[in-house]
Amino acid sequence: TLPANSVQLVTAAQAFHWFERLATRREWDRILEPGGEAALLWNIRRDAASPLMAEYEAVLQAYNVDYNAVRHHHVDGDAIASFFAPNAVQRHTFT
């Protein structure tokens with residue numbers, strides 16, 4: 001329901017891997033003003049960093065039926081570049 005060309009920045013944090021990419025790209029193209037930006041963010045867990053994190057990962061694997069199919073690891077640099085093509089993509093990683 002946002003007007004066309006009305007948004008300067010679109011963000012998705014921890015959710016982009018759930019989006020239907022073609023429909024999302026069309027909508028972002030529609031709502032972003034000329035020169036608008038998009039930012040995708042992920043907080044990547046270090047599953048082996050502690051016993052708690054290892055156990056949390058084990059629980060997700062055991063009880064989340066869609067976990068392996070939809071986890072954000074399936075969205076790699078090539079998939080992101082393809083989504084934004086022909087626009088350039090910048091990647092920034094922080095520890």
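In which hand does H1 pass H4? H1 passes H4 in a right-handed crossing. A crossing counts as right-handed if the near helix is turned clockwise from the far one by less than a right angle, and as left-handed if anticlockwise.

Some notes before the next stop. This is a predicted model, in which local features need pLDDT of at least 70 and side-chain atom pairs count only at pLDDT 80 or more, while totals for chains, interfaces and linings use all residues. Residues are numbered from 1 along each chain as its sequence is written, and side-chain values use heavy atoms, with hydrogens and water left out. Helices (H or I, at least four residues) and strands (E, at least two) are DSSP runs, numbered from the N terminus.

**Stop 1: the helix pair.** Select residues 21-31 for helix H1 and residues 77-84 for helix H4. Their axes come within 10 Å and cross at roughly 45 degrees. Axes are lines fitted to C-alpha atoms, for helices over the stretch in contact, and angles run from 0 to 180 degrees between N-to-C directions. H1 and H4 are therefore oblique to each other. The classes are roughly parallel under 35 degrees, roughly antiparallel over 145, roughly perpendicular from 65 to 115, and oblique for the rest.

Now show side chains. Arg21, Thr24, Arg25 and Trp28 in H1 meet Ala79, Phe83 and Phe84 in H4; contact means heavy atoms within 4.5 Å. By class, this contact of H1 with H4 has 4 nonpolar, 1 polar and 2 charged residues. Here Ala, Val, Leu, Ile, Met, Phe, Trp, Tyr, Cys and Pro count as nonpolar, Asp, Glu, Lys and Arg as charged, and the others, Gly among them, as polar.

**Stop 2: Arg25.** Select Arg25 in helix H1. Is Arg25 buried or exposed? Arg25 is buried, with a relative accessible area of 16%. Buried means under 20% relative accessible area, exposed over 50%, and partly exposed in between (1.4 Å probe, protein chains only). Not counting residues up to four places away in sequence, Arg25 touches Phe83, Phe84, Ala85, Pro86 and Asn87. Arg25 and Phe84 are 59 residues apart in sequence, yet 7.8 Å apart in space, C-alpha to C-alpha.

**Stop 3: Pro86.** Move to Pro86, in the segment after H4. The peptide bond from Ala85 to Pro86 is cis, with omega near 10 degrees. Most peptide bonds are trans.

**Stop 4: the core.** Select Val7, Val10, Ala12, Phe16, Trp28, Ile31, Leu32, Val75, Ile80, Phe83 and Phe84, the 11 residues of the largest nonpolar core. Strand E1 (7-13), H1 and H4 each give two or more residues to this core. A nonpolar core is a set of buried Ala, Val, Leu, Ile, Met, Phe, Trp, Tyr and Cys residues joined through side-chain atoms within 4.5 Å.

**Stop 5: Glu57.** Select Glu57 in helix H2 (residues 51-63). Glu57 is buried, with a relative accessible area of 10%. Leaving out residues up to four places away in sequence, Glu57 touches Arg45, Asp47, Tyr67 and Arg71.

**Stop 6: Gln14.** Last, select Gln14 in the loop between E1 and H1. Phi of Gln14 is near 60 degrees, a positive value in a residue other than glycine. Gln14 is partly exposed, with a relative accessible area of 37%.
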